[in-house]
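Subject: Structure handover

Dear colleague,

Please find below the structure that I promised to pass on to you, together with its sequence. Once you have had a look, read on for an account of what was found in it.

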Amino acid sequence: MIGWRPREAVATERVEMARVEIYTTPLCPYCWRAKSLLKAKGATFVEIDLWQYPERRAEMIERAGGRTTVPQIFVDGRALGGSDDLDALDRRGELEALLGA
């Protein structure tokens with residue numbers, strides 16, 4: 001075959017994405033903002049809707065160190081806080097490293 005060359009092997013490194021969990025309620029604009037940012041960064045996340053699962057609110061409060069507002073965001077079990085905290089991490093250029101993006 002004219003011009004045919006074998007494909008060169010390309011080394012690829014598999015990067016594990018962090019486990020992201022976000023506690024939300026459906027009508028919360030801050031929840032939507034946080035989820036939009038996570039999606040824009042290519043992160044997948046587990047969403048815990050506190051309207052659908054109200055019994056999980058106590059779990060969220062305990063994990064979040066007493067914070068009661070939504071969203072509450074956790075990356076690999078570490079509490080990051082809410083939407084403003086997520087935005088601050090992004091502005092400082094620290095969010096992608098936490099997400100493994």
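Let me begin with the pairing of the strands, where strand S1 is joined to strand S3 (residues 72-75) by 4 bridges, the two running antiparallel. Before going further, please note that this is a predicted model, in which local features need pLDDT of at least 70 and side-chain atom pairs count only at pLDDT 80 or more, while totals for chains, interfaces and linings use all residues. Residues are numbered from 1 along each chain as its sequence is written, and side-chain values use heavy atoms, with hydrogens and water left out.

Some terms come first. Helices (H or I, at least four residues) and strands (E, at least two) are DSSP runs, numbered from the N terminus, and two strands pair if DSSP finds at least two bridges between them. A residue is called buried under 20% relative accessible area, exposed over 50% and partly exposed in between, with a 1.4 Å probe and protein chains only.

The protein chain holds 4 helices and 4 strands, and, read from the N terminus on, its elements follow the order β-α-β-α-β-β-α-α. Of its 101 residues, 36% count as buried. The protein chain exposes about 7000 Å², of which carbon and sulfur atoms supply 52%; accessible areas come from the Shrake-Rupley method with a 1.4 Å probe, and for residues only the protein chains shown count as cover. If we take the contacts (heavy atoms within 4.5 Å) in the protein chain with a separation of 6 or more, 58% are accounted for by residues 24 or more positions apart.

Strand S1 deserves a careful look, since 5 of the 5 residues of this strand (residues 20-24) are buried, so it is largely enclosed by the rest of the structure. In a regular strand the side chains alternate between the two faces of the sheet. In S1, Val-20, Ile-22 and Thr-24 point one way, whereas Glu-21 and Tyr-23 point the other way. On the S3 side, Tyr-23 has Gln-72 as its bridge partner. S1 is also joined by 4 bridges to strand S2 (residues 46-49), and these two run parallel, with Asp-49 in S2 as the bridge partner of Thr-24. Together with helix H1 (residues 29-40), S1 and S2 make a right-handed β-α-β unit, where right-handed means that, with the strands pointing away from the viewer, the path from the first strand over the helix to the second runs clockwise.

In the loop between S1 and H1 you will find Thr-25, which is buried with a relative accessible area of 12%. Not counting residues up to four places away in sequence, Thr-25 touches Cys-31, Asp-49, Leu-50, Trp-51, Arg-57 and Val-70.

Which residues touch the most other members of the largest nonpolar core? A nonpolar core is a set of buried Ala, Val, Leu, Ile, Met, Phe, Trp, Tyr and Cys residues joined through side-chain atoms within 4.5 Å, and in the largest one, with 14 residues, they are Leu-38, Ile-73, Leu-86 and Leu-99. Two or more residues are given to this core by each of S1, H1, S3, helix H3 (83-91) and helix H4 (95-99), and its largest share, 3 residues, comes from H1. A second, separate core of 9 residues includes Cys-31, Met-60, Ala-64 and Val-70.

As for the cysteines, Cys-31 is buried at a relative accessible area of 0%, and Cys-28 also counts as buried, at 7%. The count of disulfides, each defined as a pair of cysteine sulfur atoms within 2.5 Å, comes to 0.

Towards the end of the chain, the buried residues of H3 are Ser-83, Leu-86, Asp-87, Ala-88 and Leu-89, and they pack against H1, S3, strand S4 (78-81) and H4. Just after H3, Gly-93 takes a positive phi of about 80°. In the segment after H4 lies Gly-100, which is buried with a relative accessible area of 17%.

With best wishes
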